[in-house]
Amino acid sequence: MEVPNDSDDEGGPLIRARELERVLGIRRIYLDFEGRNPTGTHKDRIAEAHARRAAEEGYSAITVGTCGNYGVAIAYYAKVYGIKAYIFVPAGYTLERTGETLSYGAEVIPIHGPYEKVVFESRKFAVENGAYDANPGSNPEVDYEGYSTIADDILSEVKPDAVFVPAGNGTTLAGIWHGFRKRGENPRMVGVTTSFGNQILWQFYGVETEEFVETPINEPLVSMISFDAIEALKAVYESNGYVFGFADDDAVQYALLLEKTEGVSALPASALTIAGLVKFARKFGMWRGNFVLVLTGGAHGGEGLGAYRGALSYVRWENRARACALLQKV
Ligand SMILES: Cc1ncc(COP(=O)(O)O)c(C=O)c1O
């Protein structure tokens with residue numbers, strides 16, 4: 001029997017994705033579209049919390065190492081709270097949000113090396129200069145409280161059966177789980193990430209590899225060291241959830257599908273939550289339930305998905321083969 005659902009698509013925190021449901025053959029999909037936040041991603045939730053705490057504790061500066069989205073969010077809220085932001089970024093990254101970050105008065109410091117080195121340099125800067133450290137793992141309770149507001153938003157509309165979260169460091173997933181546990185809820189937490197370099201994925205499948213491939217599409221999800229891997233995996237295991245890895249072509253295809261079906265322009269990395277839902281439904285034979293997808297905006301600096309279309313033919317073959325080779329068990 002169909003459970004009636006009157007969840008309102010207008011104005012509430014969730015969007016019921018009826019056309020996407022029809023196309024995928026999966027019932028009751030809700031989008032938690034974080035693109036509606038001031039800087040377009042879920043990072044605003046924790047950036048606001050960190051900048052507020054920094055101001056309350058009397059700091060005049062705040063710093064973070066970031067591949068882009070978190071940096072814009074910290075820069076934005078640092079301005080709101082009247083403190084100076086120092087944003088460390090990997091020099092080799094796409095960095096399409098640097099202009100926006102600078103526009104909020106932040107200083108952007110490029111570092112040569114991987115994301116982990118960038119975080120290390122930002123931490124060092126915080127210690128040496130007495131700046132507030134907003135890096136992952138530095139004040140985890142602030143991160144978890146910030147992201148638990150996503151759980152609150154979801155619960156204000158539906159009681160979810162499974163929640164699909166894009167995972168890099170795993171902080172978002174761990175924080176949302178924290179929010180559900182506080183409210184006595186237990187939805188299955190499903191982490192969705194790139195197949196090309198994420199500790200949470202590797203640990204989940206027991207894969208030992210140092211191989212990683214970073215592209216403009218999977219950048220937000222690549223974490224050779226996921227700073228919240230332990231907490232994220234705890235959430236997955238405790239909730240009977242799962243972790244899935246995908247290649248870039250899936251990210252782009254599902255982002256395009258979402259745009260076509262729901263008119264929502266999500267960052268391809270986060271559109272992998274749709275790929276995760278499809279795989280989850282197939283794997284567990286669960287084609288209906290209250291499924292919530294956490295999605296971010298920020299699609300090519302807000303210019304939409306057109307820029308990614310051209311990349312599709314390039315990413316399709318290369319990544320697919322390597323993904324299969326790396327994770328045959330997925
Ligand atoms: C769009 C997007 N999705 C997912 C993530 C990963 O979030 P977390 O590091 O909390 O797992 C990020 C992080 O930068 C991101 O920008």
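**Figure 1. Crossing of α7 and α9 in the predicted model.** The axes of α7 and helix α9 (residues 229-238) come within 8 Å, and they cross at roughly 50 degrees. Angles from 65 to 115 degrees would count as roughly perpendicular and those under 35 as roughly parallel; α7 and α9 are therefore oblique to each other. The crossing in which α7 passes α9 is left-handed. On the α7 side the contact is made by L173, A174 and W177, which meet E231, A232 and A235 of α9. Sorted by class, this contact of α7 with α9 holds five nonpolar residues, one charged residue and no polar ones.

**Figure 2. Packing of α10 against α11.** Helix α10 (residues 248-262) and α11 have axes 7 Å apart and pack at an angle of about 80 degrees. The two helices, α10 and α11, are therefore roughly perpendicular to each other. From α10, the residues D250, A251, V252, Y254, A255, L257 and L258 take part. Their partners in α11 are P268, A269, A271, L272, I274 and A275. The contact of α10 with α11 comprises 12 nonpolar residues and one charged residue, with no polar residue.

**Figure 3. Crossing of α2 and α3.** Helix α2 (residues 43-56) crosses α3 at roughly 40 degrees, and the axes of the two come within 8 Å. As a result of that angle, α2 and α3 are therefore oblique to each other. Their crossing is right-handed. K43, D44, A47, E48, H50 and A51 are the α2 residues in the contact. They meet N69, Y70, A73, I74, Y76, Y77, A78 and V80 in α3. Nine nonpolar, two polar and three charged residues make up the contact of α2 with α3.

**Figure 4. The shell of residues around the ligand.** The ligand has 17 residues around it, of which G168, N169, T171, T172 and P220 come nearest. Three helices each supply at least two residues of this shell: α3 (69-80), α7 (171-182) and α11 (268-284). By class, nine residues of the shell are polar and eight are nonpolar, while no charged residue is present.

**Figure 5. Domains contributing to the ligand shell.** Domain 1 (15-39 + 147-326) and domain 2 (43-133) each provide at least three residues of the shell around the ligand.

Definitions and conventions:
Residues are numbered from 1 along each chain as its sequence is written. This is a predicted model: local features need pLDDT of at least 70, side-chain atom pairs count only at pLDDT 80 or more; totals for chains, interfaces and linings use all residues. A residue is near a molecule or strand if its C-beta atom, placed from the backbone, lies within 6 Å of it. Helices (H or I, at least four residues) and strands (E, at least two) are DSSP runs, numbered from the N terminus. Ala, Val, Leu, Ile, Met, Phe, Trp, Tyr, Cys and Pro count as nonpolar, Asp, Glu, Lys and Arg as charged, and the others, Gly among them, as polar. Domain bounds come from an automatic or database domain assignment. Axes are lines fitted to C-alpha atoms, for helices over the stretch in contact, and angles run from 0 to 180 degrees between N-to-C directions. Angles under 35 degrees count as roughly parallel, over 145 as roughly antiparallel, 65 to 115 as roughly perpendicular and the rest as oblique. A crossing is left-handed if the near helix is turned anticlockwise from the far one by less than a right angle, and right-handed if clockwise. Two residues are in contact if their C-beta atoms, placed from the backbone, lie within 7 Å.
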